[in-house]
Amino acid sequence: MSSPTRVLVTGAAGQVGVDLVDTLSGVTPLGGDPAFEPDGRSVDRDEFEVLALSHHDLDITDRDAVMKCVRGSRPDVIVHLAAYTAVDRAEVDADACYAVNATGTESLSLAAHDVGAHLIAISTDYVFDGNKGSAYVEEDSANPLNVYGASKRAAELLCAGDDTIVRTSWVMGVRGKNVLHVIAQRALSGETVRFVDDQTGTVTLASDLARALVTMVRERPGGLWHVANAGTTTWFEVAQFAGSVLGRDEGFATPISTDDLDPAPLARRPIRSDLSTKKWESRRWTAMAPWRSGVIRLLEARALGGGPTS
Ligand SMILES: NC(=O)c1ccc[n+]([C@@H]2O[C@H](COP(=O)([O-])OP(=O)(O)OC[C@H]3O[C@@H](n4cnc5c(N)ncnc54)[C@H](OP(=O)(O)O)[C@@H]3O)[C@@H](O)[C@H]2O)c1
């Protein structure tokens with residue numbers, strides 16, 4: 001029997017991290033679809049040996065600590081999820097954001113190469129300015145509008161050419177802090193919500209992304225990849241749909257424009273940043289489910305006791 005693939009995961013306590021650690025351990029995460037096997041293979045419990053590192057275990061802004069940790073653990077693959085993800089706060093905290101997202105990612109790439117491991121780093125649709133008018137493919141030019149997006153683009157450029165970079169967008173996990181929990185809480189307590197309907201993007205379930213990342217861990221393709229659930233939407237549409245699943249009528253969600261947000265968000269966001277997953281599908285990997293079925297799965301898992309970790 002072959003020995004397990006050693007996988008080091010940074011950001012393992014984040015919303016994608018908890019689902020990825022479950023998935024690599026052969027467990028379907030809360031809200032996950034056990035039938036989603038993009039490469040047609042199930043995950044055996046002894047296929048991977050997982051080293052799951054939270055912020056507490058490893059601060060990726062400390063390059064010496066990153067090198068020591070990677071040299072000591074000798075992974076085959078590093079899935080790098082740790083990130084500064086507070087998009088608005090980053091506008092007034094750019095140095096800290098760059099230290100984690102850009103310099104931290106560079107450290108992981110250098111350390112991976114030092115021990116002959118493959119790096120899979122996660123990036124974002126916010127590397128784009130939203131002006132294309134149709135779904136973004138991997139070859140499109142990046143032009144971030146905000147500090148977070150710029151720091152993630154800097155990270156992409158600091159990675160080595162043979163690293164794998166997975167861009168994803170609008171991530172929602174049962175155990176993460178995200179917009180869907182806010183929508184569900186308000187829907188269930190009889191309140192109403194207002195959401196913008198002039199920003200279009202692609203929702204991604206953390207559990208589906210986690211399973212897609214297992215395929216990347218196995219295949220180690222290198223280069224840029226867009227991974228997201230199928231279909232484009234707006235936050236207003238997500239709220240309206242989630243409200244209807246939870247029994248609320250059309251009055252639950254009101255559409256507003258970005259200019260109506262009060263207070264105005266610190267960070268500019270792209271008007272249209274949906275990600276084309278044609279490259280993923282060209283490898284004959286199964287497309288991820290339509291976002292509506294993912295939202296139903298998340299709401300069901302939430303009703304069964306799943307919820308934000310804090
Ligand atoms: N969430 C989205 O909508 C979205 C969209 C596109 C791309 N992405 C990308 O997807 C990846 C995973 O995101 P996520 O949603 O799982 O984010 P998340 O829930 O915010 O998790 C990020 C994790 O990184 C940790 N972290 C922050 N600074 C660190 C440091 N200096 N050293 C080590 N760990 C640190 C955080 O720990 P603490 O909380 O303890 O600081 C947190 O557990 C990130 O690369 C993110 O940029 C996310």
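**A pocket and a ligand shell**

The lining of the second largest pocket divides into 5 nonpolar, 6 polar and 4 charged residues. Here Asp, Glu, Lys and Arg count as charged, Ala, Val, Leu, Ile, Met, Phe, Trp, Tyr, Cys and Pro as nonpolar, and the others, Gly among them, as polar. The model is predicted, so local features need pLDDT of at least 70 and side-chain atom pairs pLDDT 80 or more, while totals for chains, interfaces and linings use all residues. Residues are numbered from 1 along each chain as its sequence is written, and side-chain values use heavy atoms, without hydrogens and water.

This second largest pocket has a volume of about 220 Å³ (the space filled by probe spheres set on its grid points). A pocket is an open set of points on a 1 Å grid over the protein atoms alone, where a 1.4 Å probe fits, with protein on both sides within 12 Å along at least five of seven lines; lining residues have an atom within 4 Å of a point. Of the 15 lining residues, T23, T28, P34, F36 and R211 are the closest to the centre of the pocket. Helix α6, residues 206-219, contributes the most to this lining, with 3 residues (a helix is a DSSP run of H or I, at least four residues; a strand is a run of E, at least two).

Around the ligand there are 23 residues, of which H55, D59, T85, Y148 and K152 come nearest (a heavy atom within 4 Å counts as near). This shell divides into 12 nonpolar, 9 polar and 2 charged residues. β4 gives the most to the shell, with 3 residues.

Which ligand atom lies 2.9 Å from a polar side-chain atom of D59? It is a nitrogen atom of the ligand. Y148 has a polar side-chain atom 2.7 Å from an oxygen atom of the ligand, and K152 has one 2.8 Å from an oxygen atom of the ligand (N or O atom pairs within 3.5 Å count as polar contacts).

Notes
Polar contact = N/O pair within 3.5 Å; in protein donor to acceptor, adjacent residues only side chain to side chain.
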